[in-house]
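Please look over the sequence and the model below before reading on. The briefing that follows is meant for someone meeting this structure for the first time, and it moves topic by topic.

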Amino acid sequence: MTDDIFTEAELFNCWTGGKPPTTEEIALFDWLEVGGVRDVSMPFDDGTIFEACDDADAELWSVYGRYRPTETHAGCECITDGPAGDMARAVAIAEHLGQLWGLPVKRR
């Protein structure tokens, strides 16, 4: 499912097990979305917490699958976080996945 341009770790570092979504999971998405995020974790948090932000404040850019609204799914799910400070790489990852999965790519 990957090629020499991207590793599975780059493509799916936020998806369960670091593996590609199943065909059934991909079918739940309307489109892929790229948006900047920043770390808003507090010292007492268990893990890292990112929130959406303006590009100027972004520490990294994430690629999301935007769910087609159903009774069981809404909103979006993070598929991968691109490298810090490299929006172009995150967009390239989203476009690559979009071509593989037949989904449009949008900027948040």
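In this predicted model, Val34 has Val63 of β3 as its bridge partner, and Val63 also stands opposite Thr80 in β4.

- The strands β1 (29-39) and β3 (60-67) pair in the antiparallel sense, and eight bridges are found between them.
- The strand β3 also runs antiparallel to β4, to which it is joined by five bridges.
- Most of β3 is covered, since seven of its eight residues are buried.

**The largest nonpolar core**

- The largest nonpolar core of the model is made of 20 residues, and those with the most contacts inside it are Phe12, Ile79, Leu97 and Trp101.
- At least two residues of this core come from each of β1, β3 and α3 (87-101), and α3 gives the most, with five residues.
- When its neighbours within four places in sequence are left aside, Leu97 is in contact with Leu11, Phe12, Leu32 and Ile79.
- As general background, nonpolar side chains tend to be buried together in soluble globular proteins.

**The helix α3**

- How far apart are the end C-alpha atoms of α3, and what span should its 15 residues have? At 1.5 Å a residue the helix should span 21 Å, and its end C-alpha atoms are 21 Å apart, which agrees with that expectation.
- The buried residues of α3 are Ala90, Ile93, Ala94, His96, Leu97, Gly98 and Trp101.
- These buried residues pack against α1 (8-11), α2 (23-26), β1, β3, β4 (76-81) and β5 (105-107), so that both helices and strands are found among their partners.
- Just after α3 comes Gly102, which takes a positive phi of about 70°.

**Aromatic pairs**

- A search of the whole structure finds three aromatic pairs.
- One of them joins Phe12 and Trp101, whose ring centres are 6.4 Å apart and whose planes are at 25°, so the pair counts as stacked.
- Because Phe12 lies in the loop between α1 and α2 while Trp101 lies in helix α3, this pair ties together parts that are 89 residues apart in sequence. Both Phe12 and Trp101 are buried.
- Trp15 and Phe29 form an edge-to-face pair, with 6.1 Å from centre to centre and 80° between the planes.
- Since Trp15 is placed in the loop between α1 and α2 and Phe29 in strand β1, the pair ties together parts that are 14 residues apart in sequence.
- Trp15 counts as buried at 9% relative accessibility, and Phe29 likewise counts as buried, at 1% relative accessibility.
- Trp15 and Phe29 also belong, with Tyr67, to one aromatic cluster.

**Cysteines**

- How many disulfides does a search of the whole structure find? The search finds zero.
- Cys14 is partly exposed, with a relative accessible area of 31%, whereas Cys78 counts as buried at 18% relative accessibility, because the cut-off for buried is under 20%.

**Two loop positions**

- Gly18 lies in the loop between α1 and α2, and at 26% relative accessibility Gly18 counts as partly exposed.
- Although ten residues separate Gly18 and Glu8 in sequence, their C-alpha atoms are 7.1 Å apart in space.
- With neighbours within four places in sequence left aside, Gly18 is in contact with Glu8 and Phe12.
- Asp57 has its place in the loop between β2 (50-52) and β3, and at 46% relative accessibility Asp57 counts as partly exposed.
- The C-alpha atoms of Asp57 and Gly18, which are 39 residues apart along the chain, are separated by 27 Å.

Conventions:
Residues numbered from 1 in each chain as written. Heavy atoms only, no water. Core = buried A, V, L, I, M, F, W, Y, C linked by side-chain atoms within 4.5 Å. Buried < 20%, exposed > 50% of the residue type's maximum accessible area, 1.4 Å probe, protein only. Helix = DSSP H or I, 4+ residues; strand = E, 2+ residues; numbered from the N terminus. Contact = heavy atoms within 4.5 Å. Expected span 1.5 Å × (residues − 1). Disulfide = S-S within 2.5 Å. Pairing = 2+ DSSP bridges. Phe/Tyr/Trp six-rings, centres within 6.5 Å; stacked < 30°, edge-to-face > 60°.
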